[in-house]
Amino acid sequence: MFWLTSLSMILILAQSLVAQSQESFANLAEQVSPAVVNITTSTTVAGRTGPQGIVPEGSPFEDFFREFQDRNGQGDRPRRSSALGSGFVISEDGFIVTNNHVIEGADEILIEFFEGFELPAEIVGTDPNTDIALLKVESETPLKFVSFGDSDTARVGDWVMAMGNPLGQGFSVSAGIVSARNRALSGTYDDYIQTDAAINRGNSGGPLFNMDGEVIGVNTAILSPNGGSIGIGFSMASNVVTRVVDQLQEFGETRRGWLGVSIQDVTDDVAEALGLEEARGALVSNVPEGPAKEAGIEAGDVIVNFDGREVEDTRGLVRQVGNTEVGKAVRVVINRDGATQTLLVTLGRREDAETAVPASQPGPDEEETPQSMDLMGLTLSPLTGEIREQLELPESAKGLAVMDVDETSEAFEKGLRAGDVITEAGQAQVLALSDLEDRIAEARDAGRKSILLLVRRGGDPRFVALTIAEDQ
């Protein structure tokens with residue numbers, strides 16, 4: 001009983017010390033408030049062309065409601081729509097950061113400062129990929145501003161403070177902790193800090209501060225079933241934002257590096273099929289015309305190191321490449337056929353990249369007599385003129401057509417469907433059913449339990465590893 005009482009007293013004392021360590025955010029709020037702004041946007045929207053949503057089209061009441069709308073100024077005339085958001089000043093000469101979705105499509109942007117005065121703003125540049133926008137106001141006097149901090153130093157459990165214009169209520173402060181790091185939502189370059197500091201509609205574009213008054217995130221999104229804060233908010237990490245802002249400030253647009261490959265994650269079964277020791281890196285599934293092809297990178301290569309940094313997965317590689325300056329020559333380490341090679345690649349610009357995917361390599365003429373075979377849960381047939389026509393494939397397309405997939409098979413579970421085309425097996429081209437059988441035999445002889453297939457659907461390639469059954 002004595003030990004339980006002592007333990008309880010220790011826990012109470014510890015909680016008291018934690019609470020006392022952050023008694024108030026008042027000094028911090030007072031320090032940074034002058035740099036936080038409310039943003040009001042105005043947009044002209046087309047007028048209604050009829051009483052949509054009020055009465056069904058063709059209703060006898062349609063004319064009545066149209067006259068009613070016209071009398072109340074709601075006819076075909078354009079209307080003004082307003083929206084609210086937040087932002088923060090990053091320089092005394094008037095550069096302001098906010099979310100792209102706050103100002104997207106706006107005709108007019110008005111900035112309200114903490115002291116009460118207002119200034120119109122112009123858009124310097126936007127980046128929809130990270131949902132960041134850079135604005136500029138002209139002020140006769142230097143503006144109060146805040147600086148970015150290093151988001152990589154933020155730890156789960158650190159105190160943070162959010163500021164903004166929630167629900168249009170004006171300047172407001174909320175506090176919480178860093179709940180998680182490196183969250184990805186839906187974007188290619190996502191790197192979000194998750195926080196339980198209250199973030200509501202209107203907070204978008206506002207800053208997330210650490211206890212030193214540095215901006216470590218831009219409040220962007222919430223996870224909520226009802227539109228209100230439930231303690232799951234997301235702020236784009238400052239180390240992503242600063243790179244974007246620097247480019248928008250210098251060029252008015254983003255200029256991200258481009259390697260020129262289609263990639264996918266290396267799963268455990270893919271690693272086994274390739275004979276890799278561990279499932280890491282980025283598997284190249286396609287190499288169109290571009291920097292990578294010019295440097296000698298091929299489909300089936302696994303990129304394990306980029307510009308001196310280890311590659312863990314596709315998300316990491318995309319961010320590494322995007323954060324590298326255009327035109328830089330970088331060393332890319334690949335694993336090909338069990339051996340590593342280092343290639344020198346001069347990066348292009350992603351925004352200028354062509355998206356066309358080249359057709360498959362032509363091969364020898366296929367046999368005129370159609371054949372089919374059931375293998376690994378797949379019903380396969382060589383591509384013939386008739387099958388190409390059915391699948392709407394070009395004459396140059398070569399490989400094995402998937403005619404049917406057993407819904408109880410591993411192939412179905414991994415996403416293969418009728419209409420897919422297998423162009424490679426074991427990183428070698430397959431034109432006939434015997435080619436695939438030979439590749440399976442080679443994999444089995446090498447002691448592998450699975451084989452890697454390159455599958456195309458609508459021109460888009462991806463690798464799939466399928467288990468080799470012992471009785472095949």
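This is a chat about a predicted model of one protein chain.

Me: Where should I start with this one: how many helices and strands does the chain have?

Reply: There are 11 helices and 28 strands. Of the 472 residues in the chain, 45% are buried.

Me: And what share of the contacts with a separation of 6 or more comes from residues 24 or more positions apart?

Reply: Those pairs account for 62% of them.

Me: What's the mean pLDDT of the chain?

Reply: The mean is 82, and 81% of the residues reach 70 or more. Among the elements, helix H1 (residues 2-21) has the lowest mean pLDDT, 47, while strand S11 (residues 207-209) has the highest, 97.

Me: Which stretches have pLDDT under 50?

Reply: Residues 11-20 are one of them, and the model has 0 contacts beyond four places in sequence for that stretch. Residues 354-370 also stay under 50, but there the model has 27 contacts beyond four places in sequence.

Me: OK, on to helices. What's the end-to-end C-alpha distance in H11, and what span should its residues give?

Reply: The end C-alpha atoms of H11 (residues 433-445) are 19 Å apart. At 1.5 Å a residue, its 13 residues should span 18 Å, so the two agree.

Me: Which residues of H11 are buried?

Reply: Leu-433, Leu-436, Arg-439, Ile-440 and Ala-443. Looking down the axis of H11, the buried residues fall within an arc of 125°, so they line one face of the helix.

Me: What do the buried residues of H11 pack against?

Reply: A set of strands: S22 (373-375), S23 (378-382), S24 (400-405), S25 (421-425), S26 (428-429) and S27 (450-457).

Me: Which residue just after H11 takes a positive phi?

Reply: Gly-447, with a phi of about 80°.

Me: Let's switch to H8. Which of its residues are buried?

Reply: In H8 (residues 314-322), the buried ones are Thr-314, Leu-317, Gln-320, Val-321 and Gly-322. They pack against strands S14 (257-258), S15 (262-265), S16 (282-286), S17 (302-306) and S18 (309-310).

Me: What caps the N-terminal end of H8?

Reply: Asp-313 does, with a side-chain oxygen 3.4 Å from the backbone nitrogen of Arg-315.

Me: I was clicking around Arg-462. Where is Arg-462, and is it buried or partly exposed?

Reply: Arg-462 lies in strand S28 (residues 460-467). Its relative accessibility is 30%, so Arg-462 counts as partly exposed.

Me: Which backbone oxygens does the side chain of Arg-462 get to?

Reply: The side chain of Arg-462 reaches the backbone oxygen of Lys-414 at 3.1 Å. A polar atom of that side chain also lies 3.4 Å from the backbone oxygen of Gly-415.

Me: What else is Arg-462 in contact with, leaving aside neighbours within four places in sequence?

Reply: Besides Lys-414 and Gly-415, the list includes Gln-264, Ser-285, Leu-416, Leu-453, Leu-454, Val-455 and Arg-457.

Me: What about Ser-409, buried or exposed?

Reply: Buried, with a relative accessible area of 11%. Ser-409 sits in the loop between S24 and helix H10 (410-413).

Me: Which backbone nitrogen does the side chain of Ser-409 reach?

Reply: That of Phe-412, at 3.2 Å. Not counting residues up to four places away in sequence, Ser-409 touches Met-376 and Gly-377.

Me: Last topic, strands. Why call S8 largely enclosed by the rest of the structure?

Reply: Because 5 of the 6 residues of S8 (residues 159-164) are buried.

Me: Which strands is S8 joined to?

Reply: S8 runs antiparallel to S9 (residues 172-183), with 6 bridges joining them. Met-161 has Ala-175 in S9 as its bridge partner. S8 is also joined to S11 by 2 bridges, again antiparallel, and Ala-162 stands opposite Leu-208 there.

Me: And how many residues of S13 are buried?

Reply: In S13 (residues 233-237), 5 of its 5 residues are buried. S13 pairs with S10 (residues 192-195) in the antiparallel sense over 4 bridges, and Ser-235 is the bridge partner of Ile-193. Another 5 bridges join S13 to S12 (residues 215-222), also antiparallel, where Ile-222 has Gly-233 as its bridge partner.

Terms used
Residues are numbered from 1 along each chain as its sequence is written. Side-chain values use heavy atoms; hydrogens and water are left out. The expected span of a helix is 1.5 Å times one less than its number of residues. Buried means under 20% relative accessible area, exposed over 50%, partly exposed in between (1.4 Å probe, protein chains only). The arc is that of the directions from the helix axis to the C-beta atoms. Contact means heavy atoms within 4.5 Å. A polar contact is a pair of N or O atoms within 3.5 Å; within protein, one must be able to donate a hydrogen and the other to accept it, and residues adjacent in sequence count only if both atoms are side-chain atoms. pLDDT is the predictor's confidence in each residue, from 0 to 100. Two strands pair if DSSP finds at least two bridges between them.
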